[in-house]
Amino acid sequence: MRLILLGPPGAGKGTQAKMLKEKFHIPQISTGDILRQAVKDNNELGVKAGSFMDVGQLVPDDVVIGLIKERIKQVDCEAGFILDGFPRTIVQAEKLSETLTEMGLVIDRVVDLEVNAEEVISRLSGRSTCSDCGGMFHEKSCPPKVSGICDSCGGILAQRQDDNAETILKRLDVYQESTAPLKQFYKKQGNLKAVTARGSVEEIFSRVLEMVK
Ligand code: AP5
């Protein structure tokens, strides 16, 4: 099963992708996570990407397309994968289609998580992430048992660099301009399914499962 999760920042793509990964035993490929790790490692990719990410801009297409092309050819992707945060532009979507065609593969389903800007702002401004295991929390909807400490591994929780009010608004603008047009792109291909991403994480997951059946 090859899936794409679409949706604005904070729609819950990462949250749902992790649950799908557990259920179907296929990898979650998050370009955001890959890029953040590169920034943390301070490697060539991280240096290139960090300045764009900090201000809520997209990292140039050629950088992320190269990453994904390499990643989906790895052996753990043979049974499928979940793309979380890729593609984000029409160019990325076209290159993905080209690469999959060369591999004799297709995307089975594109799930669009629909949520409004007010909810996005509330979710992102309350989010904290474990610097060790990537575990994700929210001060209201999913608080850690001990403030600032990861329930799973005891690591330190931190707010993402790009989860401040100014950058969240910029990310929403960039989403509208560059990523929202992908809905039309995949609608034309006939594999887009929209899911209301309001409600509990579990409720949304059961809606997503209905769509990928
Ligand atoms: P990326 O990491 O992909 O960020 P994003 O798309 O902005 O999405 P988020 O990770 O912020 O949100 P999400 O939808 O995954 O929601 P989550 O599950 O975390 O990208 C970051 C940056 O990297 C980009 O700005 C760009 O610079 C660069 N980049 C990445 N990919 C790129 C690409 N392809 N091309 C170019 N540049 C790229 O949930 C959010 C919060 O809400 C959490 O606290 C969670 O606990 C909570 N929550 C989740 N579900 C619910 C619910 N149902 N109810 C209440 N709270 C909930």
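The largest cavity is lined by Ile65, Ile68, Lys69, Ile72, Phe86, Gln92, Lys95, Leu96 and Thr99, and the elements that contribute two or more residues to this lining are helix H4 (61-72) and helix H5 (90-103). The structure examined here is a predicted model. By composition, the residues lining the largest cavity divide into 5 nonpolar, 2 polar and 2 charged.

Attention then turns to the surroundings of the ligand. Of the 35 residues around the ligand, those that come nearest are Thr15, Gln57, Arg88, Arg127 and Arg171. For Arg127, the separation between an N or O atom of the side chain and an oxygen atom of the ligand is 2.6 Å. The side chain of Lys13 likewise places an N or O atom 2.9 Å from an oxygen atom of the ligand, whereas in Ala11 a backbone N or O atom lies 3.2 Å from a ligand oxygen atom. The ligand taken alone exposes 1000 Å², of which the protein buries 95%.

The shell around the ligand draws on several elements of secondary structure, and at least two of its residues are supplied by each of helix H1 (13-24), helix H2 (31-41), helix H6 (117-125), strand S6 (136-138) and helix H9 (201-212). Among the contributors, H2 provides the largest share of the shell, with 4 residues. In composition, the residues of the shell around the ligand comprise 14 nonpolar, 13 polar and 8 charged.

Strand S6, which supplies at least two residues of the ligand shell, also belongs to an open sheet of 3 strands, arranged in the order S6-S5-S7 with antiparallel pairing. Because S6 and strand S7 (157-158) stand at the edges of the sheet and each has a single partner strand, one side of each is left without a neighbour in the sheet. In general, the strands of a sheet pair through backbone hydrogen bonds, in either a parallel or an antiparallel manner. Strand S5 (residues 127-130) and S7 run antiparallel and are joined by 2 bridges; Cys130 has Leu157 in S7 as its bridge partner.

How values were computed. Residues numbered from 1 in each chain as written. Predicted model: local features only at pLDDT ≥ 70, side-chain atom pairs only at ≥ 80, totals over all residues. Heavy atoms only, no water. Near = heavy atom within 4 Å. Polar contact = N/O pair within 3.5 Å; in protein donor to acceptor, adjacent residues only side chain to side chain. Areas by Shrake-Rupley, 256 points an atom, 1.4 Å probe, with all protein chains shown as cover. Nonpolar A, V, L, I, M, F, W, Y, C, P; charged D, E, K, R; others polar. 1 Å grid on protein atoms, 1.4 Å probe; cavity = no way out; pocket = protein on both sides within 12 Å on 5 of 7 lines; lining within 4 Å. Pairing = 2+ DSSP bridges.
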